[in-house]
Amino acid sequence: MKRLYFPLFLTFSLLFSGIAWADEMVMVPPVSRQVADSTDLFYDITDISRQVEQRTARQEHEPAVSDGDILIREQQDLSGKSTDSLLAGKRGAYHNPLDSLYQRNEQGMLMLPLHPDLAASVIGLTFQDTIFYNALFLPMIFTGKMLPRDLSFYTPEKEQTRGMLIPQERTFAPALRHADFVRDVRRDYYRRYPDRIRYSVASFDTLPRLENGDAIVRETFNPFKELIRTETTYSLDTPGIEGATINRKYWVYNGEHSFQFAQNYFSNNWHKGGSNNVNFNSFQVFRANYQKDKVRFNNTLEWRLSLFNAPDDSVRNYRIGNDQIRYYGDFGLSSFVKEWSYSMNLEVKSQLFNNYLPNTSTLRSAFLSPLYVNAGVGLKFELDRKSKKIRHRNVKWALNLAPISINYKYVGNDAVDVKRYGIPEDKNSLMDMGSTITSILRYNITQYVSWDSRLTYFTSYEKVLSEFENSLNMALTNALSTRIYVNVRFDDGVPADPDLKYWQLNQTLSFGLNYKW
C-alpha cells in the first residue's frame, strides 16, 4: 500500500508547500486553506488554467528586479553557485520545493530515486515543472468498465505460482496490479460520486489512439519495401457494382417439336379417313402461359400432320392421314379454395390440307371443314406434385368442369359431306348446348420417359362426343426419341359403323428427332 499511495502523498506535499510559499511572499497573515472535498483538490492539480491564474496573481505582488540584482546573478553564475537561491532572497522569485529534494537532468526533468519500495509506484510517472501524469489524476470520464479484469466464475487454484519458471516480480504482474488498483479507484468513484462525473465515452465521437510503434518501424525501416514495389498500382478495394432491377416475368413460353417416322393404323370408319401405312409424322406445340396474382391465362397451339405413301391409290402417290390444328385456352381467376379457380375455356379444331377418298376425287375433309368449337364456363382444379424420392418425377393434372358449355360444328366447303360429321343435310353447321369435362394429365416418370393424356367429354344430354388421347414419349438421347400415340374417339351423333359402331381409333408408332425448349 505504501507504493500505491506515494503519488498522493507527494501531491499533498507540493500543494501545501506552494500555499505556504505564496502566503509568505504576499506578506499577509497566514490563513489556513480549507478544502471542501477531494474534488477541489483534484481541480487544483489538473486544471492548468487555474494554476496560471494563481501564478499571475502572485507575480503582481512581487517587487521589480533591479540592475544590481541582475549583476549579482551574473557573478554567481560565474562562481558556480545557485542563482535561484540568491534571487529568491532579493526579489522573492518562484522556487520549486522539489528542487531541494531531487536533482534535474539535462532536459530539466526531476530524477526520482530508484528505491526498491518505490519502484512499483514510480513506474509510468513523468515529472516536469511539477505536473503529474497519472491515471488517478486525469479527468474523470465514465468508461462503462465496472467489472474487474480478473473476474472468473471458477474456483481459483490453490497454488497459483505452481509451474512458473520466472518470478512474477520480473513480469508484467506488478504493472497489472497497479492498473487494477487504478481501475478499482475509478470504479469506486463511479459508485460514490456519480453526480460529479461530467463526461462519458458515449458522448465522444472518436477516442484518441496512439499509432502502434511496430507499424512505424515496419514502414520506416523495412529493407524489403523497395523490393516488393510494383510499377503499376492495383487496388484491392471492392469494385463498385451497379445494381440491376430484374422485372418479374408474367408470361412463360415453352414448346416441343418433333419430326419422326411413323407406322399408322386407322379403323375403316375413322372420321377423317386414313389407311394403314408407314409415314412421316410431324408434331409441333407452342405454349404461352400468363399468371399475375390471382389471374392466369393459358394458351396452347398444336399442329399434327401425318403424310404416308398410298400404294393402293391410283390417283395420288401420297395421302394425308392425320391433319389437325388445335387451339386450347383457358382464362381463370383463383377462388377462395386452394387449387381451385373460376375458369372459362375455349377449344378450336380444324385442319389445313384437303383429304380425299382413295382412288377418287371425292373430298372428305378440308380447311374449316369440319370446324369444331367448344366453349364453357365453370371451375378448374390444378394439381402439381413432385416426388420426394425420385428425381425428375412429377405429375401435373388440370381438370376443367364446365356445366354450361356449347359445342359448335361447321363445314365451310360444299364439296364435303356434312352427314359424315353429324350435321343435317340441309345445313352446314350445328350447335349443341350441354356440359363439358376436360382432363389434361402430364406424368414425367423419369427424366427421359413421360406420359401425356387428354380426355374430352361433351354431352348435350341426348348424344355424347368424347376423345381420349394418350402419348408415351421415350427419349433415347437429347435429340432422338420414340413416341407411341393412341387416340380413341366416341361419337354417337354420326352414322354407326357396321363393325365398330360409334367407336373410332387412331394409333401411331414413330421414331425420330425431338426438341424441347
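Residues are numbered from 1 along each chain as its sequence is written, and side-chain values use heavy atoms, with hydrogens and water left out. Because the model is predicted, local features need pLDDT of at least 70 and side-chain atom pairs count only at pLDDT 80 or more, whereas totals for chains, interfaces and linings use all residues.

The protein holds eight helices and 18 strands, where helices (H or I, at least four residues) and strands (E, at least two) are DSSP runs numbered from the N terminus. Of its 517 residues, 32% count as buried; buried means under 20% relative accessible area, exposed means over 50%, and partly exposed lies in between (1.4 Å probe, protein chains only). The protein exposes about 35300 Å², with carbon and sulfur atoms supplying 59% of it, and these accessible areas come from the Shrake-Rupley method with a 1.4 Å probe, where for residues only the protein chains shown count as cover. Taking contact to mean heavy atoms within 4.5 Å, 58% of the contacts between residues at least 6 apart in sequence join residues at least 24 apart.

A series of paired strands can be followed through strand 14. Two strands pair if DSSP finds at least two bridges between them, and strand 13 (residues 394-410) pairs with strand 14 (residues 429-444) in the antiparallel sense over 15 bridges. Within this pairing, I406 has M433 of strand 14 as its bridge partner. Strand 14 also pairs with strand 15 (residues 449-459), again in the antiparallel sense, over 10 bridges, and here S439 has L455 of strand 15 as its bridge partner.

The largest nonpolar core has nine residues, namely L363, A366, Y372, V411, V416, V418, Y421, I423 and L430; a nonpolar core is a set of buried Ala, Val, Leu, Ile, Met, Phe, Trp, Tyr and Cys residues joined through side-chain atoms within 4.5 Å. In soluble globular proteins, nonpolar side chains tend to be buried together. Leaving aside neighbours within four places in sequence, L430 is in contact with N407, Y408, K409, G422, I423 and K463.

N354 sits in the loop between strand 9 (340-350) and strand 10 (355-356), and it counts as partly exposed because its relative accessible area is 40%. Apart from neighbours within four places in sequence, N354 is in contact with I320, L363, S365, A366 and F367. The C-alpha atoms of N354 and R319 are separated by 9.6 Å, although the two residues are 35 apart along the chain.

L307 lies in strand 7 (residues 295-309), and its relative accessibility of 32% is why it counts as partly exposed.

The structure also holds 20 salt bridges, each being a side-chain nitrogen of Lys or Arg within 4 Å of a carboxyl oxygen of Asp or Glu. Side chains of opposite charge can pair when their charged atoms come close. One of the salt bridges joins E256 and R483 (3.2 Å, N to O), linking strand 5 to strand 17 (residues 480-491) across 227 residues of the chain, and both E256 and R483 are buried. Another joins R385 and E339 (3.1 Å, N to O); R385 lies in strand 12 (residues 371-386) and E339 in the loop between strand 8 (318-334) and strand 9, so this pair ties together parts that are 46 residues apart in sequence. R385 is partly exposed at 43% relative accessibility, and E339 is partly exposed at 28%.

E467 and R489 form a further salt bridge, their closest N and O atoms being 2.4 Å apart. This pair links E467 in strand 16 (residues 464-475) to R489 in strand 17, 22 residues apart. E467 is buried with a relative accessible area of 8%, and R489 is buried with 2%. Finally, E302, R304, R326, E347, R454 and E469 are linked in a network of salt bridges.
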